Amino acid sequence: MGGLLSCATPEEVDAFLSGLSANAVLALPWMFEFWAHAGHQLPPDGEWLTWVILGGRGAGKTRAGAEWVRAQVEGARPHDPGRCRRVALVGETIDQAREVMVFGESGILACSPPDRRPQWQASRKRLVWPNGAEAALFSASDPESLRGPQFDCAWCDELAKWKKAREAWDMLQFALRLGDRPRAIVTTSPRIQPLLREIIDKPGTVLTQAPTTANAAYLSRDFLDKIEEEYGGTFLGRQEIEGQLLESLPGALWRPEGIDACRKPAPELDRVVVAIDPPVTGGAGSDACGIIVAGVRMTDDPRGWEAWVLEDATVESASPRGWAEAALAAARRWKADRLVAEVNQGGDLVETVLRQIDPAVSYRPVRATRGKVTRAEPVAALYEQGRVHHAGEMPELEHQMCAVTRSGYAGRGSPDRVDALVWALSDLMIDRRNLQAAPSIRVL
């Protein structure tokens with residue numbers, strides 16, 4: 001019966017509705033099993049522990065997550081107990097969890113009938129249902145907040161975007177300890193993310209996928225036509241429209257399995273730099289400012305130097321002073337020896353802004369004279385040689401890396417994080433002049 005009306009013809013819908021009583025017609029909008037897409041919005045059969053929904057933009061992932069939570073906490077009548085009483089709602093940030101999972105157009109409040117609608121308690125960041133069930137909001141950016149509470153089910157939204165995905169997921173697994181079979185649902189756009197791949201490959205996980213067009217009846221035709229015209233057949237289109245989890249692209253300079261293989265804790269390093277790829281403009285709507293921290297040390301290996309990528313400190317939509325402060329803060333955190341910044345767009349302004357904050361900062365401007373791919377290829381070769389390591393997971397950076405191909409960047413916007421990575425590793429490993437001992441370099 002699942003998805004009965006979603007796949008019916010208009011004539012079949014009219015015939016079905018004409019046979020219902022007035023009360024049944026009033027209740028029908030809240031009976032999701034009649035409207036859902038059976039292929040990806042209704043829970044699969046079986047004794048699974050984690051249900052992952054990968055979908056294109058607008059495919060109905062959020063609605064599926066909200067309705068699944070409802071199905072777990074609601075009983076036959078408004079005050080009857082459901083299967084679960086303690087729910088964790090985990091988003092990338094608290095704001096996103098609140099605005100999408102709770103208050104969004106497809107969120108829990110919008111999906112709940114009046115007699116079962118939970119009460120939002122803003123001061124405690126939780127929902128409370130008439131039957132006493134509760135759902136607490138958590139930010140994946142603060143994994144420690146999941147240490148202590150306990151739950152019998154969880155909904156994780158846009159896990160592929162979580163900056164501290166592994167830490168947050170691990171803490172959630174320890175918290176899922178109530179009831180006979182605590183379960184979790186993950187609703188996310190498919191992006192290259194090591195943890196997401198691991199979750200999908202686990203024996204207790206079931207996976208459903210859907211393209212944007214699966215929900216075409218509820219989306220603007222102009223929107224569908226526009227995104228197909230602009231992104232159809234592209235890397236971004238296959239990911240964001242088709243809902244495909246892309247492992248690697250033809251001609252990619254980096255592949256996910258190669259990046260995974262290079263993870264290694266950082267030792268004490270001989271030299272650390274912070275590289276900056278500043279945007280053309282600043283403020284809301286501008287490209288991100290790529291900020292990457294990397295370091296090197298001399299090893300016993302005959303090849304000599306090895307590098308570690310330490311942090312992706314990139315900032316979004318920041319003013320020139322905002323990204324300069326972020327870069328200098330990263331330099332202080334890692335006791336960096338120097339800042340390296342591309343000046344093709346900003347020219348002397350980049351140094352001026354940095355020195356307004358710290359006049360004594362050690363700084364080197366670099367200027368691009370070759371294309372992005374040409375500059376990136378020698379750095380990609382260092383990865384292939386096993387001479388570059390990642391000190392942890394940096395999903396946004398690694399996603400961009402896997403979208404750089406020999407024919408260009410297949411991702412969206414500018415590969416600002418990759419550009420900063422290339423400048424950092426070029427300064428540390430490729431420009432041999434910078435491997436010489438630099439006199440009196442100031443440690444920030």
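Gln-400 counts as buried, at 8% relative accessibility. Buried here means under 20% relative accessible area, exposed means over 50%, and partly exposed lies in between, computed with a 1.4 Å probe on protein chains only. Gln-400 sits in helix H15, residues 395-402. Helices are DSSP runs of H or I with at least four residues, strands are runs of E with at least two, and both are numbered from the N terminus. Leaving aside neighbours within four places in sequence, Gln-400 is in contact with Tyr-409, Ser-414, Pro-415, Asp-416, Arg-417 and Val-418. Contact means heavy atoms within 4.5 Å.

Before going on, the ground rules. This is a predicted model, in which local features need pLDDT of at least 70 and side-chain atom pairs count only at pLDDT 80 or more, while totals for chains, interfaces and linings use all residues. Residues are numbered from 1 along each chain as its sequence is written, and side-chain values use heavy atoms, with hydrogens and water left out.

Staying with H15, another of its residues is Glu-398. The side chains of Arg-263 and Glu-398 meet in a salt bridge, 2.8 Å from N to O. A salt bridge is a side-chain nitrogen of Lys or Arg within 4 Å of a carboxyl oxygen of Asp or Glu. Arg-263 lies in the loop between helix H11 (256-261) and S9, and Glu-398 in H15, so the pair ties together parts that are 135 residues apart in sequence. Glu-398 is buried at 3% relative accessibility, and Arg-263 is partly exposed at 24%.

By this rule the count comes to 28 salt bridges. One of them joins Arg-126 and Glu-134 at 3.0 Å, N to O, and Arg-126 is buried, with a relative accessible area of 13%. Another joins the side chains of Glu-99 and Arg-98, at 3.0 Å, N to O. Here Glu-99 is partly exposed at 44%, and Arg-98 is partly exposed at 23%.

Now the sheet. What is the order of its strands? Six strands form an open sheet in the order S13-S12-S9-S10-S11-S14, and the pairing is mixed. Two strands pair if DSSP finds at least two bridges between them. S13 and strand S14 (388-390) stand at the edges with a single partner strand each, so one side of each is left without a neighbour in the sheet. The twist averages 25° from one strand to the next. For angles such as this one, axes are lines fitted to C-alpha atoms, for helices over the stretch in contact, and values run from 0 to 180 degrees between N-to-C directions.

Take S12, residues 338-342. Four bridges pair it in the parallel sense with strand S9, residues 271-277, where Val-274 stands opposite Leu-339 of S12. S12 is also joined by four bridges to strand S13 (residues 363-366), and these two run parallel. In that pairing Ala-341 stands opposite Pro-365. Is S12 mostly covered or exposed? Five of its five residues are buried, so the word is covered. Arg-338, Val-340 and Glu-342 are on one side, with Leu-339 and Ala-341 on the other.

Elsewhere in the sheet, seven bridges join strand S10 (residues 290-298) to strand S11 (residues 305-312), which run antiparallel. The bridge partner of Arg-297 in S11 is Glu-306.

Next, the helix on the sheet. H13 lies across S9, S12 and S13, and runs at about 160° to S13. Helix H13 (residues 348-357) also packs with helix H12 (residues 320-334), at an angle of about 65° and with the axes 9 Å apart. From H12 the contact is made by Pro-320, Arg-321, Trp-323, Ala-324, Glu-325 and Leu-328, and from H13 by Val-350, Val-353, Leu-354 and Ile-357.

Val-353 is buried, with a relative accessible area of 8%. Not counting residues up to four places away in sequence, Val-353 touches Pro-320, Arg-321 and Ala-324. The C-alpha atoms of Val-353 and Arg-321 are separated by 6.4 Å, although the two residues are 32 apart along the chain.

Glu-158 is in the loop between strand S6 (153-157) and helix H7 (165-175), and is buried at 18%. Lys-335 is in the loop between H12 and S12, and is exposed at 56%.
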